[in-house]
Amino acid sequence: MWQIPGVDEAMSFAEVLKQVKSLSYEVIIFDTAPTGHTLRFLQFPTVMEKALAKVSQLSRQFGPMLNTFMGASGRLPNGANMDELIEKMEALRATIAEVNGQFKDADLTTFVCVCIPEFLSLYETERMIQELNSYEIDTHAIVVNQLLFPKKDNPCEQCNSRRKMQKKYLEQIGDLYDEFNVVKMPLLVEEVRGKDKLERCVDRFLGVGDGANDSCSFSQMLVKPFEPPEMA
C-alpha cells in the first residue's frame, strides 16, 4: 500500500515526543527497526527542526503579504488562524530541538547495537555505528546474540562448525570495537518473553542466583557482560 514518505518516522517520533514530555519513566527503551528504518528515524528530528525553522523564517518574511491575503479576519481560507498556526509550529520546533539535543547528549541517550556473528549483520552494525557517529549519538555497547558455546567433547559437528564461524566474527568484532563493551549472549533453548523470564535470564547471566533479584537490569549486563563457559 502506498503511503506518504516519512509517515512511519513521523509516527515513531511522535511517540518519542509524548514519552519525553510525559516524564512518566526514568528510562525509556526503544526497540528500533532494522538499520535503514532506524537511520531514517534518527534523521527525522534534525530534518523536522530545519524544515520548521525554514517555515518560521518564511512566515516572518512574507507575513505582511499573508495578512493582506487573509484580510481583516486574520484567518486562512480553511478557517485556521495564521498567528496560532505559527505559534504551534514554534512550540513544536522547540520540543523537537529539545529531543534532538537529548539524542546527542551522551549522559541521557545511548544506542545499543544488537547483531549476530555473521557477515551481513556485522556489516550492518558497522554501517549503523558510522552513521550514529555522524549524528553525534553515543554508542559504546554491542550485544552479540545467538552465540553457541559447545563443550569440548560435543559430538555435534554442525554445532562445532558454526561455533568456529562465530569465533571468527567475534574476533573481528573485538578488533573493530576494542573500546566498546561487547555483550555475548548465548543461544537459549527457550524464547525469553515476559517480565519474569527476562529477569530470570538476566539474573542467571549476571550470576546472582535463582533469578529472584529484581534490582538486576539489562543495563547492568552492558557493564558486566555474560561470561561464557569453557569453549571448544
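User: Fine. What is the mean pLDDT of the chain?

Analyst: This is a predicted model. The mean pLDDT of the chain is 75. Of its residues, 70% reach 70 or more.

User: Where is the pLDDT below 50?

Analyst: One stretch is residues 1–5. Beyond near neighbours in sequence, that stretch has one contact in the model. Another is residues 209–217, also below 50. Residues 209–217 have 16 contacts beyond near neighbours in sequence. Where pLDDT is low, the predicted coordinates should not be read in detail.

User: Noted. How many helices and strands does the chain have?

Analyst: Eight helices and three strands. From the N terminus on, the order is α-α-α-α-β-α-β-α-β-α-α.

User: And how much of the chain is buried?

Analyst: The chain has 232 residues, and 30% of them count as buried.

User: What share of the contacts is between residues 24 or more positions apart?

Analyst: Taking contacts with a separation of 6 or more, 68% come from such residues.

User: Give me a buried residue. Where is Asn100, and what is it in contact with?

Analyst: Asn100 sits in helix 4, residues 82–103. Its relative accessible area is 7%, so Asn100 is buried; the cut-off is under 20%. Leaving aside neighbours within four places in sequence, Asn100 is in contact with Pro45, Thr46 and Glu49.

User: Switching to charges. How many salt bridges does the structure hold?

Analyst: Three. Side chains of opposite charge can pair when their charged atoms come close. One of the bridges joins Glu118 and Arg162, with the closest N and O atoms 2.4 Å apart. That pair links distant parts of the chain, 44 residues apart. Glu118 is in the loop between strand 1 (112–115) and helix 5 (119–134), while Arg162 is in helix 6 (residues 157–176).

User: Is Glu118 buried, exposed or partly exposed? And Arg162?

Analyst: Glu118 counts as partly exposed because its relative accessibility is 29%. Arg162 is partly exposed as well, at 37%.

User: What about Glu124? Which residue does it form a salt bridge with?

Analyst: Arg127, with the closest N and O atoms 3.5 Å apart. Both are in helix 5, three residues apart, so about one helical turn separates them. Glu124 is partly exposed, at 22%. Arg127 is partly exposed too, at 35%.

User: And Lys197? Which residue does it pair with in a salt bridge?

Analyst: Glu190. The closest N and O atoms of that pair are 3.8 Å apart. Lys197 has 31% relative accessibility, so it counts as partly exposed. Glu190 is partly exposed, with 47%.

User: Last topic. Which residues form a nonpolar patch on the surface?

Analyst: Tyr25, Ile28 and Phe30. Together they have about 300 Å² of accessible area.

User: Where is Tyr25, and why does it count as exposed?

Analyst: Tyr25 lies in the loop between helix 1 (7–22) and helix 2 (35–61). Its relative accessibility is 55%, and exposed means over 50%, so Tyr25 counts as exposed.

Key: Residues are numbered from 1 along each chain as its sequence is written. This is a predicted model: local features need pLDDT of at least 70, side-chain atom pairs count only at pLDDT 80 or more; totals for chains, interfaces and linings use all residues. Side-chain values use heavy atoms; hydrogens and water are left out. pLDDT is the predictor's confidence in each residue, from 0 to 100. Contact means heavy atoms within 4.5 Å. Patches are made of residues with over 30% relative accessible area and no salt bridge: like charges are joined within 9 Å, nonpolar side chains (Val, Leu, Ile, Met, Phe, Trp, Tyr) within 5 Å. Accessible areas come from the Shrake-Rupley method with a 1.4 Å probe; for residues, only the protein chains shown count as cover. A salt bridge is a side-chain nitrogen of Lys or Arg within 4 Å of a carboxyl oxygen of Asp or Glu. Helices (H or I, at least four residues) and strands (E, at least two) are DSSP runs, numbered from the N terminus. Buried means under 20% relative accessible area, exposed over 50%, partly exposed in between (1.4 Å probe, protein chains only).
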